[in-house]
Amino acid sequence: MHRSAAYEMTSGEIASARGFVRDFLSASQILHGWPVSDRAMDVAQLVVSELATNVCKYAPGPCLLDLESDGVTLDITMWDTGAVLPAASPADPTRVGQHGLELVLMVCQGFEIHREPVGKRLVVRLSLLDSTDQEPSGLAAW
């Protein structure tokens, strides 16, 4: 299952992007009977919120959000026009803010950054099942 949405990313669009993810995962449950844990639903929305917030802060303007699922994993792809590649800040318990990429890296099963002719594309892979719900073989390496 695959769906895409385009945004002129402003702070008001972040909620729309979260809603797009929620609707996509709900539709995958209804149309395909795919299990999506409550945790996966929340984590997917958190990841999109963090990625969209970074677009607002560092690359305002056109943004594409692609979602693709096979019923076991969800791939979230966010493209924006910003040339600067994101990097997680070093651990600093006194730092206020700028923890978004750290959070994304902690909850995902895969993360890629690609330079594009215009901007960049980030791909995040998440499991739709909680670890106790996964098949014994687990997720394939990415």
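Predicted model: local features only at pLDDT ≥ 70, side-chain atom pairs only at ≥ 80, totals over all residues.
Two strands pair if DSSP finds at least two bridges between them.

**Strand E5 and its neighbours**

Strand E3 (residues 73-80) is joined to E5 by 8 bridges, and the two run antiparallel. Met78 stands opposite Leu122 of E5. Strand E4 (residues 110-115) also runs antiparallel to E5, with 6 bridges joining them. Here His114 has Arg121 as its bridge partner in E5.

E4 and E5 form a hairpin, with 4 residues between them. Gly119 sits in the turn and has a positive phi of about 85 degrees.

**Salt bridges**

The whole structure holds 3 salt bridges.

| Pair | N to O distance |
|---|---|
| Asp75 and Arg125 | 2.7 Å |
| Asp80 and Lys120 | 2.8 Å |
| Glu116 and Arg121 | 2.7 Å |

Asp75 and Arg125 meet through their side chains. Asp75 lies in E3 and Arg125 in E5, so this pair ties together parts 50 residues apart in sequence. Asp75 is buried at 15% relative accessibility. Arg125 is buried too, at 19%, because the cut-off for buried is under 20%.

Asp80 forms a salt bridge with Lys120. This pair links Asp80 in strand E3 with Lys120 in strand E5, 40 residues apart. Asp80 is buried, with a relative accessible area of 3%. Lys120 is buried at 7%.

Glu116 and Arg121 also meet in a salt bridge. Glu116 is partly exposed, at 25% relative accessibility. Arg121 is partly exposed at 28%.

Notes:
Residues numbered from 1 in each chain as written. Heavy atoms only, no water. Salt bridge = Lys/Arg side-chain N within 4 Å of Asp/Glu carboxyl O. Buried < 20%, exposed > 50% of the residue type's maximum accessible area, 1.4 Å probe, protein only.
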